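Hi everyone, thanks for coming. Let's look at one structure together, and I'll walk you through a few places in it.

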Amino acid sequence: GFSERRYWYTSGEAGYSSGRFAFNNQWMRQADNTTTASNHGLEWAAFMMGLPSTITIDTNDSGYWSTRFRSLYVQDDWRLTGRLRLSAGLRYEREGGITERFNRGIGGGFLYDAKLPFSDAAAAAYAAAPIPELPAAQFRALGGVEYLGTRKNTYTDGTHKLLPRIGAVYQINSKTVVRSGYGWYYDTFNANNTTASQFGFSQPTNTVISSDLGASFCCGVGAASGLSETRNPMADPFPVRADGTRFDAPYGNRLGLSAMAGRGLTFDPREFSPGFQQRWRIGIQRELTPNTVIEASYNGAWSRIPVSQRVDFLPRQYWATGSVRNNALDNDLNSNVANPFFIGNLSAVRASDPLLYQYLNTQSFFTSRTIRKNALLRGYPHMTSLSGLRPGVSFSEARGAVEYHDLQVQFERRFARGLQTAVLYTRAAAHEQDFYYEEFDAAPSWRPADQVRPHRLVWSAIWEAPFGKGKRWVSSGPLRHVAGGWQLSWIYVYQNGTPLNFGNRFFYGELEKLGELFNHSGVNSRDLHLWFDPSIRYTGAGAVPPDFQGFEGRAAAQPGVYHVRMFPTRTDALRADGIRNWDVKILRRFHITESLRASVSADLLNATNHTNFGAPNTDPTSTNFGRVSVQNGQSRFIQLNLRLEF
């Protein structure tokens, strides 16, 4: 077989294309520092006076995205013997990169060594006032983005995928069958789920209403004493400026490599490929009676998933270690130093690229005279944050993974003699490599998966009462109209909860004994809302006693911002409350006439009104540490339904 597809997606909203005018108490309160004034009444007064607090209008562009897709596959089945059957196939998929019809967007990837118009000026400014930790010769302000159409028209390079599959069925005897299979499956990366940033193609125009706290106003008004019905900011909210324009025009792609300078960026690398999964299964099914069957199976999966890297990570040597907070290090890294990117240092850009200079002069990153020290110690200091793929690292090396295994046992009774039921039990285990334990780590870290529950039991059934026409009892006579047509069905679900999540905390003791310290059974039996022992935190004065086991509970003594992680992000030692739920349906069918039938039913969702709790508070500095204060899911719902068939 062969398949050819096109994905199309349109994006973009007009925004406030007719202008947006907001009114509050800014100009109506008694003084500019009055904090007790309510908006009620005063915002209406501002409206009546024609004095908005903000005036803005949008000039937004749109996007027309598309992705090419084609596939080719071959598959066949072979009956090798009377008991053995084999199936095999191979599928090839080509998913082209995402395009925009007029190249209105920033392409994927990042040009790590691209020299920007302000790179030399910033380097010279830094050399004039370097910090001790970074010699001037090591300061680099390189790296930028590339708009679509500059060299390539696609957001990423697209993918070529091979998806093999194989399966086998073997009949041991007339009542027992073994089935197995293995296959590859890929996610998609197309215009319907991803589009590039269109930064630069939309631009708001904001009018500065007053620059002197309301002593005078914009838009031709002048002094506040000149306000009138015909002379107020609403009469000409976007006045003609010195350059003859009223509105700020979008930059389009004219900012070039410097478009995202002074901003944060998370990019997809050019060689990006969506996640893929290998799945395998082997199961045995046994017929017990003509209407009942039992099946046991082992199921497994191995996935490779994209995980974004922190590209501008703070190197390892600058982070605090140990079990004591290092305030001096935090204060030093957060201290303000001279900003080499200050617009006053970039006068050369005004002559070489006036448009870029005008843009930089509107960005707080470039208009600030100071910058945090830690920002200069990171790679690509001209970005406020940068994530994606580090230079010199291949995309395949940076991917994370998910490992999954389960054992399933299912008993099923087909509908016979008024009863159908199925019971499924799953014992599962999974770990995922989907985050960076430290931002400077070379590879993602493993932790327990939060979407997989170790134990899950589901029991469903439909039972028809054996009364009425065609049934075993009361099949005739007036009573059959009352006793017949009743049906009862239910679904029971039990499963474990999620592993607990923790912030970066100091923990004193052995992690292997964490389950004992939680003492869930002991404290929960005395207090339903207490999930684990809150006394396993130290809140006293002075040093932590040598024999104490538990968490640091003092807010001022927690790990600082630049302290390596001291406690896992997720622990399997104790899980949140799971789900125990009965959904019940009671239904009655009856004939009104020969051609008109009706059914009346009642749905009891969470029929026992059982409360499933949310996760407990895991912040040792909180007064609710160890307690559950939220509910997971709803209480009992009762729905009444009427259905007519004719």
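Let's start with His40, which is found in the loop between strand S2 (20–22) and helix H1 (42–49). A quick word on those names: helices (H or I, at least four residues) and strands (E, at least two) are DSSP runs, numbered from the N terminus. Is His40 buried or exposed? His40 counts as exposed because its relative accessibility is 70%; the cut-offs are under 20% relative accessible area for buried, over 50% for exposed, and partly exposed in between, with a 1.4 Å probe and protein chains only. His40 and Leu346 are 306 residues apart along the chain, and 46 Å separates their C-alpha atoms.

Before going on, please remember that this is a predicted model: local features need pLDDT of at least 70, side-chain atom pairs count only at pLDDT 80 or more, and totals for chains, interfaces and linings use all residues. Residues are numbered from 1 along each chain as its sequence is written, and side-chain values use heavy atoms, leaving out hydrogens and water.

So how confident is the predictor? pLDDT gives its confidence in each residue, from 0 to 100. The protein chain has a mean pLDDT of 94, with 99% of its residues at 70 or more. Confidence is lowest in helix H9 (residues 480–483), with a mean of 69, and highest in strand S10 (residues 176–186), at 98.

Now for some strands. Two of them pair if DSSP finds at least two bridges between them. Strand S31 (residues 579–591) runs antiparallel to strand S25 (residues 486–495), joined by 10 bridges. There, Val493 stands opposite Asn581 of S31. S31 also pairs with strand S32 (residues 597–605), again antiparallel, over nine bridges. Arg589 has Ser599 in S32 as its bridge partner, and a hairpin of five residues joins S31 to S32.

How values were computed. pLDDT = per-residue confidence, 0-100.
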